[in-house]
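Here is a short briefing on one protein chain. Keep the model open while you read.

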Amino acid sequence: MNKKDLSETDIRTKFITPALVSAQWDVMTQIREEAYFTRGRVMVRGKTVKRGEAKKADYLLSYKPNLPLAVVEAKDNNHSVGAGMQQALDYAEILDVPFAYSSNGDAFLEHDRTGSGGTVTREIPLDQFPKPQELWARYRAARGWTPEQETVTTQDYNDDGSGKSPRYYQLTAVNRTVEAIARGKPRILLVMATGTGKTYTAFQIIWRLWKAGAKKRILFLVDRNILADQTRINDFKPFGQAMTKITNRQVDKSFEIYLSLYQAVTGTEEEQNIYKQFSPDFFDLVIVDECHRGSAADDAAWRQVLEYFSSATQIGLTATPKETKDVSNIEYFGDPLFTYSLRQGISDGFLAPYKVVRVGLDKDLDGWRPYDGQVDKYGQVIEDREYNLRDFDRDLILEKRTEVVAGKVTQFLRETDRFAKTIIFCENIDHAERMRQAMVNANPDLAAANAKYVMRITGDNDEGKAQLDNFIDPESPYPVVCTTSRLMTTGVDAQTCRLIVLDRRINSMTEFKQIIGRGTRINEDYNKFFFTIMDFRQATALFADPEFDGDPVQIYDPGPDDPPVPPDDPPETDDDDGGTIVDGPPPDDPPGGPPKVRYFVNDVPVSVITERVQYLDEHGKLITESLRDYSRKAVKAAYASLDQFLNAWNNSDRKQAILEELAARGVFFDELAKLVGSDVDPFDLVCHVAFDQPPLTRQERAQRVQKRDVFGKYGAQARAVLDALLQKYAVAGIASVESLEILKVDPLTDFGTPVEIVRLFGGRDAYLTAIRELEAALYQEAA
């Protein structure tokens, strides 16, 4: 056996895995081969969705489940021992593991990332790979743990038997937090994007500390009742009888795990502060969910609870750390111990990317001024001044504007899916109710079929709030469209929400991120891979803010005469999101003065004057081309010239491989075909879009081959097979011709079984040669 002839897989099977096993690594519990740790970014063009390549380590070695120690990257024997080290180090950093190895089957190259001194990189003979106990001892020494600290940091995770295991970033967050607490760190901040499993991460932290005896009584604080209930019946369910939820301001001190709304234990009157019925040292761990909302402010109720239980270890969880001159997470909790951003979540394929539709209305962009003496529908003389987006649906209500927005949303739903779960964010409760009515009027058939098709879910409406669980439930078809102001900005785990409509001005980056987070969950069972943001208030200008950690967007202008939409107002510096988000009346009346006059105008027409569609590209880079221009750049990044592309195409034994490579770079052939022609070969799409060559249809290419009679050297039956394949190409493209599976379908089955058909050509190799000749004939002119 010549080692140089072996594939990477053979090297792993014959040399690397046996070396690990002989070093006493357990195949069942300590070795994961081809360990995928991301899902592959979801890429969207039009209605076409596909995933990019997921990241995987050739080997992930763990001391015990969920305590990873090392990654090993393998190469075939034509590479050097250290050829895989750069990739190993990259994966080791992502996975937060201390040791990285590379091997080509001859030996191992080790890189020690612990920084504990001594040799960082060394070559190890194949039969001397470190044993698990040896690597763990080196890591433990580098961390400087006491025996008590090691007991806590090695405590098992909860395993419910379902096969669910933490994602790689959740492992990092849990392991770092447990270690920090074992070392005595009093306050910890974890920043994790909405939809990345903050509550599940918190559960594993609590479970391990609780089971290790490091923390005996734990308080988990939230600010929405639905959050407490979701937590209790889902992620925290394994705590069972040890857990209680504080309700009706009743305190029972016989439990160990307490869930509570902060409103349930605090109040404006001293007797309402029932948390003081607990002694200050009752809890030894307090976790604050969504700690950007209120708990970071000095005078907030959550802050009072935290200060009362100051002797307890305190963990803040947030998707959006809040930093203003008055409110600061970091001032209270310190710098984040771990951060997993929206950008990273989308890149890894755990969060859904988004498409943005920006709609510009004439009155929003140009403003509106009443004529002298103009009155509203109630006979009030409208104050003479310029009204713009700051005023609409607050000081001035243009009823036609609400109808246009509802009409545009309805049009989008009609063209996609009328039962796609939709949240419309409005300026205030009054606006949300008017939007509900407008959506009912725009969808009279579905609203008549079920009164819950459109519902207002706001803080003052018990009927609407009662339907929140149904909106969240993927299996519940109703309600479909929810209008709201602020109640649904956070804490709504709406996995199948496909459309978010912004018809309110958003000046707070914190709130903007939370709203975007309503759509970022992926639910593959319900075919939810991406969502759409429809923006009527230029709120998505915040994507360009340096504070936004999500991905920028690609802009596509559907019409050549559509001007870019400039921001109507400069970003404001005030932050209206300092406390708990609650719905409020439209807008507050000035204190101590007369009620604010609001004008209701029903006779001013409003129209759409601009509309732009924006996409995320596969790298999350800001680009402003059309899909055609973007595809041209993607192709030319791989093939600088037409000659270079043609050489690669003609020299490839498998043309489909080149198309798959371009697809991985973000070239969406299905969407390009809609622009150029659905019957155009992908080869011609590339040549036409990237290199301005005139395209031929597949039928035209097939007919040219038939006219040249290029298969004269074959027997009658073999020629008939090639003619049938040519017709298959004309209908389905080159991928069908290259696949041997095509021999199992009509009309090829008329010539016999696949084995019998191959024999007509003199064997498999001769058949594949004939296929290459067919492909060469198809693309002869291009060469």
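Leaving aside neighbours within four places in sequence, Phe 15 is in contact with Met 1, Lys 3, Leu 6, Asp 10, Gly 105 and Leu 126. Contact here means heavy atoms within 4.5 Å. This is a predicted model: local features need pLDDT of at least 70, side-chain atom pairs count only at pLDDT 80 or more, and totals for chains, interfaces and linings use all residues. Residues are numbered from 1 along each chain as its sequence is written, and side-chain values use heavy atoms, with hydrogens and water left out.

**Phe 15**
- Phe 15 lies in helix H1 (residues 8-22). Helices (H or I, at least four residues) and strands (E, at least two) are DSSP runs, numbered from the N terminus.
- Is Phe 15 buried or exposed? Phe 15 is buried, because its relative accessible area is 19%. Buried means under 20% relative accessible area, exposed means over 50%, and partly exposed lies in between (1.4 Å probe, protein chains only).
- Phe 15 and Asn 104 are 89 residues apart in sequence. In space they are 8.8 Å apart, C-alpha to C-alpha.

**The whole chain**
- The chain has 28 helices and 25 strands.
- Of its 783 residues, 55% count as buried.
- Take the contacts between residues at least 6 apart in sequence: 71% of them join residues at least 24 apart.
- The accessible surface comes to about 33700 Å², and 47% of that belongs to carbon and sulfur atoms. Accessible areas come from the Shrake-Rupley method with a 1.4 Å probe; for residues, only the protein chains shown count as cover.

**The seven-strand sheet**
- Seven strands form an open sheet with parallel pairing. Their order is S11-S12-S10-S13-S14-S9-S15. Two strands pair if DSSP finds at least two bridges between them.
- The edge strands are S11 (243-245) and S15 (338-340), and each pairs on one side only.
- Neighbouring strands of this sheet are turned by 15 degrees against each other on average, direction ignored.
- Helix H6 (residues 198-211) packs on the sheet. H6 touches strands S9 (187-192), S10 (218-222), S12 (257-261), S13 and S14. The direction of H6 makes about 170 degrees with that of S10. Axes are lines fitted to C-alpha atoms, for helices over the stretch in contact, and angles run from 0 to 180 degrees between N-to-C directions.
- S13 (residues 285-288) and S14 (residues 313-318) pair in the parallel sense over four bridges. Val 288 has Gly 316 in S14 as its bridge partner.

**Strand S12 in that sheet**
- Why is S12 largely enclosed by the rest of the structure? Because five of the five residues of S12 are buried.
- In a regular strand the side chains alternate between the two faces of the sheet. In S12, Ile 257, Leu 259 and Leu 261 point one way, while Tyr 258 and Ser 260 point the other way.
- S10 and S12 run parallel and are joined by five bridges. Val 222 has Leu 261 in S12 as its bridge partner.
- S11 and S12 also pair in the parallel sense, over three bridges. Lys 245 stands opposite Leu 259 in S12.

**Strand S20 and its partners**
- In S20 (residues 481-484), Val 481 and Thr 483 point one way, and Cys 482 and Thr 484 the other. All are buried.
- Four bridges join S20 to S18 (residues 421-426), and the two run parallel. Ile 424 stands opposite Thr 483 in S20.
- S19 (residues 454-456) pairs with S20 in the parallel sense over three bridges. Which residue of S20 is the bridge partner of Met 455? Cys 482 is the partner.

**Leu 361**
- Leu 361 lies in strand S16 (residues 354-361). Leu 361 is buried, with a relative accessible area of 0%.
- Leu 361 and Arg 401 are 40 residues apart in sequence and 8.2 Å apart in space, C-alpha to C-alpha.
- Not counting residues up to four places away in sequence, Leu 361 touches several residues, including Arg 401, Val 404, Phe 536 and Ile 609.
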